[in-house]
Structure formats: C-alpha cells, structure tokens
Amino acid sequence: MQIKKDEVKNALLKSAQQEFLEKGFDRASIRNIVKNAGTTIGNFYNYFESKEMVFSELVETSYNDLIGFINGHEDTHMDEEQLNLMDSATIRQEAGDILEGLVPKFDDSFLLLVHYAEGTKYANAKDEIIDFIAEHFMEHIDMYSPDYKY
C-alpha cells in the first residue's frame, strides 16, 4: 500500500492547473500533467479518479467562495442611516475590506472556472455566475430603488 504524499498531490494539482490553463479541459492530457509533475499515471490515479476530479478540486473552492461572497455581502451591508453616520475615511475602509475579500477570488482557479471548463460539470459556470450576479443586482435595484425602470 502506497502512502500518499502532499508534495506529490500538490505537484499534480500545480501541473494540472497549468495544463488546463494552456489547453482547456478537453485538450488537457493526463500524460502531460504527470510528466510535468514528475510522477506516473498510476500515481495520478492514487490521488484522483479522473481528469475531471482534479479539475473539480482546482475550481470548486473558487466557485463556492464567489457564490458565498455574493450571498454573504449583505451580512456586512449597512443601511442608509448607518452610512450617513460614518465619515468618508470609515466608508472607504469598509469598502476596501469588502474588495480585499473579493480580489483573491479572481485567481487562476477562477480563470479555469470561467474560461476553460468546457467538458466538465462546470461548463456552464460562467453563464450561471453572470446570471446569478445579474439577478442579485436586480434584487438590489428593486429593494433600494423600486421606482427605477429597467
């Protein structure tokens, strides 16, 4: 029985990410992934059941984090009265904190998710995210500007 090593798994993930970024999911090769990771195909299957499983491991957190951020941003949302009581420096700090939480979500995993997922269960993720954000913004418009005509 082989003992799994974090270094091998991390090398496979790093190599797979690069392969997917260069070629997309459909054209990516497990042979190239393992070659660039310095391991074997048999070792690949010790860590992942399939090419799609390694892709999912690379993008799932980004997908869930982005949806969670969009849903959860209202937890820190302030009403108009609270904003009026804050000075501009505090408002800038609050906005900066929100953006600081968002920016790391736009990494290589996010690029894989929205540009290179064809052939995976995430193939429609880009459209789903766009629809989700659009719907979310429309809810805000309806809530805060009910007379706005769009």
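Reader: What makes 30% of the 150 residues of the chain count as buried?

Author: Buried means under 20% relative accessible area, exposed over 50%, partly exposed in between (1.4 Å probe, protein chains only). Of the 150 residues, 30% count as buried. This is a predicted model: local features need pLDDT of at least 70, side-chain atom pairs count only at pLDDT 80 or more, and totals for chains, interfaces and linings use all residues. Residues are numbered from 1 along each chain as its sequence is written, and side-chain values use heavy atoms, with hydrogens and water left out.

Reader: Why is Leu12 called buried?

Author: Its relative accessible area is 0%. Buried means under 20%, so Leu12 is buried. Leu12 lies in helix 1 (residues 6-27).

Reader: Which residues is Leu12 in contact with, leaving aside its neighbours within four places in sequence?

Author: Contact means heavy atoms within 4.5 Å. For Leu12 the partners are Ile33, Val34, Ala37, Thr39, Asn43, Phe44, Tyr47 and Phe48.

Reader: Why does Asp127 count as partly exposed?

Author: Its relative accessibility is 48%. Asp127 lies in helix 8 (residues 125-144).

Reader: How do you know that the chain has eight helices and zero strands?

Author: Helices (H or I, at least four residues) and strands (E, at least two) are DSSP runs, numbered from the N terminus. The chain has eight helices and zero strands. From the N terminus on, the elements run α-α-α-α-α-α-α-α.
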